[in-house]
Each structure stands twice: as structure tokens, then as C-alpha cells.
Amino acid sequence: MKHRSTIAIFSEWQRLAFSWDGSLHAPSRESIAPRKLGRHLSDLFFLEEDESGELIFRLAGTRVCALFGRELKATRFLSLWPGRNHSALDELILEINDLLVPAISYHDGISLAGRSLAFEMLLAPLESHKGQKTNLLGAISLLDDVTWAGADPLVLASLNAIEPLAPDLAFTQETSRPSVMTVNAPIRTPSRSRIHPRPQTPLLRVIAGGKA
């Protein structure tokens with residue numbers, strides 16, 4: 001996890017996910033206060049299941065929508081990735097939701113003009129309600145400093161790597177090599193360290209999938 005916006009959104013999820021006694025739970029979407037995130041709201045999105053069980057964008061920040069060149073509300077989440085990535089993302093979402101373990105993933109985005117950029121995506125579980133099975137908080141942040149982002153919209157994303165995150169992950173200035181599942185791509189190394197895990201913290205199984 002490299003981008004300060006991703007870290008800020010994950011840190012706010014952490015604050016809400018742990019009770020005073022240290023127990024872990026999925027926070028409600030309503031508990032996320034915009035004033036706590038400020039300018040990072042533009043990189044945030046919410047996912048939920050529709051009536052057919054498809055995961056769709058309930059809401060997406062202005063920078064996320066601009067990156068893909070359209071309003072993403074009610075758009076199928078998996079439609080932004082090629083079919084070869086769907087099984088890996090489906091299993092990732094199931095395990096995030098079932099085990100209450102967030103994850104960071106790394107992607108390449110391909111633009112309408114054929115240009116590419118790198119971005120990271122955070123997914124974290126939220127409390128399900130009204131009969132929904134899946135409710136997620138997400139964030140997308142660019143890792144490449146390019147001037148054309150937003151002007152030349154991304155038409156497709158390609159999954160490179162997935163890294164499960166300990167819910168009680170703490171960040172420092174030190175750089176350490178994470179435990180990452182790579183999908184035919186080099187590992188990108190975020191700067192972080194772990195604090196002592198709580199007994200309630202589950203483990204996330206690394207899944208197979210990604211680029212063909």
C-alpha cells in the first residue's frame with residue numbers, strides 16, 4: 001500500500017472496525033464520516049449486491065469516475081476487468097466478506113488511446129443489511145504520475161497482484177517485503193510493518209488467478 005489516499009481510507013476503516021475491547025467487526029457504511037476523509041473521498045467507492053446478486057457500484061468518488069471516463073453508479077464491478085481476472089476477483093471478494101480481512105491489489109489500466117498506468121485498489125468489508133450478502137468499501141489510487149489520467153479514460157483494468165492485509169496493520173517509514181500473490185508481474189513493495197495481531201484476526205487464503 002503506497003498511496004496516502006489508500007492509507008487514509010484504510011486507516012478510517014480500521015478505526016471503525018475494532019471495538020473498544022479489540023474485537024473485529026464489519027463497520028456500517030453509514031458510520032463512514034466524509035469529514036474524516038476530506039479530499040480522499042474522491043478516491044473512495046462503495047460496492048453492493050443488486051437484486052440479481054451482481055456486485056455493482058453504489059457510489060464512486062469523482063476521481064474514480066473520471067479515471068474511467070464515466071459515472072460508475074450501478075455499473076457492474078467486474079465489467080472493468082477482462083474475463084480472465086473474474087474468478088480471482090470473485091474469490092477475493094468472497095473471502096474479504098466472509099473472513100472480514102481487507103486486501104490491496106495492484107493493477108494496470110489501459111486507456112482508450114492504448115496508454116497504460118498502474119493503480120492500487122483497496123477492498124474492505126462493510127456490514128451487510130437488507131438481505132444483502134456483500135457490502136464493500138473500496139478505494140482506487142494512481143501509482144503513476146501521468147498528466148493524461150482523466151482526459152484519456154481507462155477502458156480496461158488488468159489484475160497483477162493481490163495482498164491480504166491484516167486488519168490491525170500499522171504503517172511506518174520502513175520498507176519491508178510483503179507477502180504478495182503475483183500474477184505474472186513483479187511484486188510492488190509497499191512500506192509498512194505489522195503490530196502484534198489480535199487473537200480475533202482471521203487469516204486470508206491466497207488465491208490463484210489473474211493474467212493469462
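**Exercise 1: The surroundings of Asn 97**

Asn 97 touches Ser 128, Lys 133, Thr 134 and Asn 135, leaving aside residues up to four places away in sequence; a contact means heavy atoms within 4.5 Å. The model is a predicted one, in which local features need pLDDT of at least 70 and side-chain atom pairs count only at pLDDT 80 or more, while totals for chains, interfaces and linings use all residues. Residues are numbered from 1 along each chain as its sequence is written, and side-chain values use heavy atoms, with hydrogens and water left out.

Task: determine where Asn 97 is placed and whether Asn 97 is buried or exposed.

Solution. Step 1: Asn 97 belongs to helix 4. Helices (H or I, at least four residues) and strands (E, at least two) are DSSP runs, numbered from the N terminus. Step 2: the relative accessible area of Asn 97 is 16%. Step 3: buried means under 20% relative accessible area, exposed over 50%, and partly exposed in between (1.4 Å probe, protein chains only). Asn 97 is therefore buried.

**Exercise 2: Helix 4 and its cover**

Task: compare the span of helix 4 with the expected value, and state which strands are included in what covers its buried residues.

Solution. Step 1: helix 4 runs over residues 83-99, which gives 17 residues. Step 2: the expected span of a helix is 1.5 Å times one less than its number of residues. For helix 4 the expected value is 24 Å, and the reach from its first C-alpha to its last, 25 Å, is close to that. Step 3: the buried residues of helix 4 are Asn 85, Ala 88, Leu 89, Leu 92, Ile 93, Glu 95, Ile 96 and Asn 97. An α-helix has 3.6 residues a turn, so residues three or four places apart point the same way. Step 4: the cover over the buried residues of helix 4 includes strand 2 (55-60), strand 3 (103-111), strand 4 (116-125), strand 5 (135-142) and strand 6 (154-164).

**Exercise 3: Helix 1**

Task: state what is included in the cover of the buried residues of helix 1.

Solution. Step 1: helix 1 spans residues 4-17, and its 14 residues reach 20 Å, close to the expected 20 Å. Step 2: its buried residues include Ile 9, Phe 10, Trp 13 and Leu 16. Step 3: among the elements covering the buried residues of helix 1 are helix 2 (34-37), strand 1 (44-49) and strand 7 (169-170).

**Exercise 4: Strand 1, strand 2 and Glu 48**

Task: describe how strand 1 and strand 2 pair, and find the side chains joined to Glu 48 by polar contacts.

Solution. Step 1: strand 1 and strand 2 pair in the antiparallel sense over 5 bridges; two strands pair if DSSP finds at least two bridges between them. Step 2: the two strands form a hairpin with 5 residues between them, and Gly 53 in the turn has a positive phi of about 90°. Step 3: Phe 45 has Ala 60 in strand 2 as its bridge partner. Step 4: Glu 48 lies in strand 1 and is buried, at a relative accessible area of 12%. Step 5: the side chain of Glu 48 makes a polar contact of 3.5 Å with that of Arg 29 and one of 3.4 Å with that of Arg 58. A polar contact is a pair of N or O atoms within 3.5 Å; within protein, one must be able to donate a hydrogen and the other to accept it, and residues adjacent in sequence count only if both atoms are side-chain atoms.

**Exercise 5: Residues in loops**

**Exercise 6: Confidence**

Task: identify where the pLDDT is below 50.

Solution. Step 1: pLDDT is the predictor's confidence in each residue, from 0 to 100. The mean for the protein is 80, and 79% of its residues reach 70 or more. Step 2: the pLDDT is below 50 over residues 173-207. Where pLDDT is low, the predicted coordinates should not be read in detail.
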